[in-house]
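Here's a quick look at a predicted model, with the cores, a surface patch and a metal site in turn.

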Amino acid sequence: MAVVEIKDLHKRFGSVNAVKGLSFEVEAGRVTGFLGPNGAGKSTTLRALLGLVRPSAGTATFGGRRYEELDRPSAHVGAVLEDAAFHPGRTARNHLRVLAATGEHPAGRVDEVLSIVGIADAADRRVKGYSMGMRQRLAIAAALLGDPQVLILDEPTNGLDPPGISWMRDLLRHQAASGRAVLVSSHLLAEVAQSVDDVVVISNGELRGRGTLDQVLGGDDGPATEVKVQDPERLASALEGRGHHVERTADGLLVLGATPEQVGGIAAEEQVVVLGLAPRARSLEAAFFALTGDGR
Amino acid sequence: MSALLRAELLKLRTTRTFVTLVAAALVLSLLVVVLTTLLTDDLSEDDLRSLFTADFSSLFILLLGVMGMAGEWRHRTITSTVLAAPNRLALLATKTLSYAVAGAVLSLVVTVAIMAVGTLIQSAGGETTIGIADLADVLWRNLAVAALLGAFGVCIGGLVRNQVAAMIGLLVFAFALEPAIMGVAPDVGRFGPTSGAPNGVLAVESFGGEDFLAPGIALLVMAAWVGVAFAAAAALLQRRDLV
Ligand SMILES: Nc1ncnc2c1ncn2[C@@H]1O[C@H](COP(=O)(O)OP(=O)(O)OP(=O)(O)O)[C@@H](O)[C@H]1O
Ligand SMILES: [Mg+2]
């Protein structure tokens with residue numbers, strides 16, 4: 001059963017058509033990556049889901065209810081939006097205390113989330129002096145305050161260093177493993193590829209693909225093999241003679257549509273000395289670019 | 001609603017702004033009262049009543065209200081505030097109420113302080129003092145004005161979301177525009193939100209012959225200003241996309 005449901009969502013800002021009839025669902029117990037290039041409409045969609053932006057048409061609901069209709073919304077849904085903002089003169093702890101008071105969460109929860117995100121030591125400093133990564137962690141602490149069943153994060157790795165990014169991945173995986181639904185946006189596929197179960201790919205306000213990562217970005221370009229040999233030209237013409245497409249690279253040959261076993265077999269028949277043989281990792285990025293029509 | 005109110009009051013207490021402005025209002029008001037009572041020998045009971053209405057809390061709470069609401073845009077905290085409390089009408093209502101409460105508290109502190117100090121100085125010099133009933137009468141008027149101006153400030157902050165523009169605009173309005181209107185057209189000026197009607201509530205002796213509204217009516221006029229500004233701010237907040 002879908003925890004989050006976006007149905008035929010449209011949003012216009014004046015003359016800008018930011019979201020054009022988007023529909024998708026997010027399931028519990030899974031991390032769903034919400035992908036698309038800059039300006040695709042990811043933030044607009046998430047903000048519409050959170051009741052911050054009024055949809056021009058369509059609906060965005062949690063179990064059939066709009067965000068505003070949830071009672072104690074922060075106990076159901078936690079959100080981290082782009083460039084999280086805080087009153088610079090308030091300490092992190094007081095910021096969370098205010099949110100805990102609003103959402104009627106137990107006061108003790110403030111210390112719990114502070115230590116979950118690892119800023120407990122800095123909790124009594126004013127946010128003014130926080131680094132970007134610390135602010136991002138505070139925003140995540142705020143989202144976790146109500147121990148919500150749904151987490152929505154807009155580019156949450158902004159400002160995090162590599163250990164921070166890896167910490168974030170683990171956090172999201174952990175949240176999903178404990179049965180929560182996680183929807184996380186990114187314009188960088190590589191950043192989420194390792195941590196998502198499902199992806200929703202949009203471009204220009206429209207859906208371009210949805211399903212598991214493999215279903216959506218698996219593509220159908222078949223296997224490919226990189227091979228390094230002593231006499232590349234001889235092997236290349238042999239491969240081409242058997243109908244394979246061969247690209248000459250700096251290191252050797254890239255054989256499209258053939259597995260390493262096939263290429264190795266042909267090399268043996270031709271008696272060329274093989275120096276290296278490996279399947280080429282399919283380029284997710286290339287498939288992503290193809291899907292989003294972003295050829296940059 | 002009570003959770004929201006608690007949260008708003010907590011917000012007020014957790015930045016330095018409120019404490020600073022309370023201190024400033026206290027110091028300024030005390031300064032005026034101490035200097036006046038020390039330097040003037042023949043203060044009448046009416047003079048003392050006027051003096052005790054001259055607490056600075058109403059001006060400060062007006063600005064504080066503006067900062068409380070417009071500051072949500074200035075610091076871009078409006079998004080997280082609305083996420084925590086998505087019913088925007090309830091949010092604005094609570095904020096308005098909390099600054100009314102803060103205004104009353106601020107005015108209570110300042111008024112009691114200036115009354116105590118003023119009365120002490122007067123009686124030490126063997127001069128006129130006013131009775132507890134008169135003091136209580138001044139006190140409720142001060143509290144009512146501060147509460148309504150705190151609420152008004154929040155609504156203005158919701159309408160003019162640029163904090164600096166809203167503060168400067170209000171100061172110009174309160175100190176230049178309204179007094180000017182009062183001078184040219186007192187029949188219009190006495191309905192003004194930042195000095196005309198408040199002076200009516202405080203029953204300030206009229207300058208130059210023009211009369212302020214009777215306190216009860218002035219109170220209603222102030223409440224009406226708050227109502228209108230609230231309705232406009234609420235309509236704007238309801239429609240606005242928070243991006
Ligand atoms: N308030 C606004 N007024 C006008 N246009 C807007 C507004 N907000 C967003 N847009 C436009 O809507 C489109 C989608 O923007 P959105 O911020 O949703 O993209 P995004 O996918 O989040 O991009 P990014 O990866 O850069 O964060 C863009 O063309 C943007 O210019
Ligand atoms: Mg975005």
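## Surface patch

Is B:Leu38 buried or exposed? B:Leu38 is exposed, with a relative accessible area of 53% (buried is under 20%, exposed over 50%, partly exposed in between; 1.4 Å probe, protein chains only). You'll find B:Leu38 in helix α2 (residues 16-39) of chain B; helices are DSSP runs of H or I, at least four residues, and strands are E runs of at least two, numbered from the N terminus.

Together with B:Leu28, B:Leu31, B:Leu35 and B:Leu39, B:Leu38 makes a nonpolar surface patch of about 500 Å².

## Nonpolar cores

The largest nonpolar core has 93 residues, and A:Leu50, A:Phe62, A:Ile152 and B:Phe52 touch the most other members. Helix α7 (residues 132-159) of chain B gives the most to this core: 13 residues. A separate, second core of 47 residues includes A:Ala123, A:Ala143, A:Val216 and A:Phe288. A core here is a set of buried Ala, Val, Leu, Ile, Met, Phe, Trp, Tyr and Cys residues joined through side-chain atoms within 4.5 Å.

## Magnesium site

A:Ser43 (OG) and A:Glu82 (OE) coordinate the magnesium ion (ligand 2) at 1.9 to 2.5 Å. The two sit 39 residues apart, A:Ser43 in helix α1 (residues 42-49) of chain A and A:Glu82 in the loop between β5 (77-80) and α2 (92-103) of chain A. A:Ser43 is buried at 18% relative accessible area, while A:Glu82 is partly exposed at 29%.

## Ground rules

Residues are numbered from 1 along each chain as its sequence is written, with chains lettered from A and ligands numbered from 1 in written order. Local features need pLDDT of at least 70 and side-chain atom pairs 80 or more, while totals for chains, interfaces and linings use all residues; side-chain values use heavy atoms, leaving out hydrogens and water.

Definitions and conventions:
Patches are made of residues with over 30% relative accessible area and no salt bridge: like charges are joined within 9 Å, nonpolar side chains (Val, Leu, Ile, Met, Phe, Trp, Tyr) within 5 Å. Accessible areas come from the Shrake-Rupley method with a 1.4 Å probe; for residues, only the protein chains shown count as cover. A salt bridge is a side-chain nitrogen of Lys or Arg within 4 Å of a carboxyl oxygen of Asp or Glu. Donors are N, O and S atoms within 2.8 Å of the metal (3.2 Å for Na, K and Ca); water is not among the atoms, so sites may look incomplete.
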